[in-house]
Amino acid sequence: MALAAGSLAAAHALNPPPAQTPAAQPPATQPPATQPPPVAQPPAAPGAPGAPAAQQPAVPASRKFTSDAGMMFLVIKPDKTADFEAIMAKVKEGLAKSQDPKRKQQALSWRVFKGLEAAPGGTGVLYVWFLDPPVKDVEYTVTDILREAFPNEAQDLWSKYVACFVSGQTMLNLQQTVNMSPTATAK
Amino acid sequence: MRSFAIMTFALAVVLAPAAAFAQNTSTQPPPAGQQPPAGQPPAGQQPPAAAPAAPKVPFSTPAGILLVQIKPDQTAVFEEMMGKLKAGFAKTTDETLKKQAAGFKVYKSTEPFGPNTLYVVQVDPTVPNAEYELFSMLQKTMTPDELRAPETQEMWKKYAAAFAAGLSKLSLTPLQ
C-alpha cells in the first residue's frame, strides 16, 4: 500500500496535478489568453415595448439545449441574490401555470443551485442551472417564460432580472459519459 | 488559496470577456516535474504517520460539481479512467464509496474550454466530507495487489497526463 501511494505521488509529481492547485501557486485553471471560452451570453431582453434597442444587451440566438443534459452558469451581484431568487421562483410559478406541455416538462428537470464559494473580490455569487434532461429545442430564456406567464409584469420583471447580473450567462451542452450509480441504466 | 484558485476557474467559465482571460495569462499549470500536488509529500518521501488526512476535495453542501479540463487528444484516456472508477465502485465494499457512487455522474461538454475538452462531474447528493479527488477515489477502489502491480504506476502516469489543468470545484445548494 505504501508503495502504491508512493507511485501515485510520483505520477502526480511528473505531471500537472490533476486535482488541485497547490497553495501559493497561481490558479492553474485558466485557459490561455485568446482562446474562446464556452459561449457566454448576457441575459436576454424580453423584447417588450418600451425597451430601447440600443439599451438591450447583445441577445444570443437562443437558449436551446440539444444534448443529454445542460448547464447554465450565472454570476449574480451579491446584493441582488434575493431578487434573482425571487425571479427564479416566478419562473417556477410560470412554468407550473403554463398550459404548454413543453413548459410543464421543462419544470420537471430544471434545478437551480446557489454556489457556496465566493467570487474573488466579492464581485458575484454563482448560480447554476442543471437540466437533466433538458427539453430539447425548447427555449430556456427566462424572459420568454415570464412574458408568457405574467404579461403585465414582464417589463418590471425583466428590469429586475437584468439588474441582477454581474456578467452574462454561460451555457453548456452535456453528454452523459458515465453514471457511476450501480442502479443506473445506460443512456 | 485553494478555494480562490478553484473559484477563479469557475469565474473564467462564467466571465467570458476576453479581458478576464488576458489577466490570467500567467496562470498555466507548473511544468511537469516541478511540484507535487499540495497535501502530498514529494515523490520518494514517506508521509508522516498521523491521523487520516482530511479530504483534498470535500463537499460540505448537498450537491456539487467538478469541472475537469482534459487534453483534447486524451479524452479516451480520461473516459477509461472514469470507466475504471465505475468498475471500482461496483466491486468496492467501502460504504462511503458506495454512497459516493450513487450520486456521481460524468458528462462531456459539447462546448470546448479553450483548447481543452471540458468534463463536468455532477455530484448530487454529496457525501459530506468524503474524498472526491478522482485519483484518490480510484486508489481506494483498488486492491493491495492491484496497487502493487507494476503496470499500476504507468497507469497513474497515463491518467495524470490526460489532465490539462487542476480540478475546479463548486459547492452547490439547491434552491427550493
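This is a predicted model: local features need pLDDT of at least 70, side-chain atom pairs count only at pLDDT 80 or more; totals for chains, interfaces and linings use all residues.
Helices are DSSP runs of H or I with at least four residues, and strands are runs of E with at least two, numbered from the N terminus. The buried residues of α4(B), which spans residues 95-102, are L97(B), Q100(B) and A101(B); because they cover an arc of only 100 degrees around the axis, they lie on the same side of α4(B). The arc is taken over the directions from the helix axis to the C-beta atoms, and a residue counts as buried with 20 or more other C-beta atoms within 10 Å of its own, as exposed with 12 or fewer, and as partly exposed in between.

In α3(B), the buried residues are F78(B), M81(B), M82(B), L85(B), K86(B), G88(B) and F89(B), and these fall within an arc of 160 degrees when seen down the axis, so they line one face of the helix. On the other side of α3(B), the residues A76(B), A90(B) and K91(B) are exposed. K84(B), also found in helix α3 of chain B, is partly exposed, with 15 other C-beta atoms within 10 Å.

Residues are numbered from 1 along each chain as its sequence is written, and chains are lettered from A and ligands numbered from 1 in the order in which they are written. Local features need pLDDT of at least 70 and side-chain atom pairs count only at pLDDT 80 or more, whereas totals for chains, interfaces and linings use all residues.
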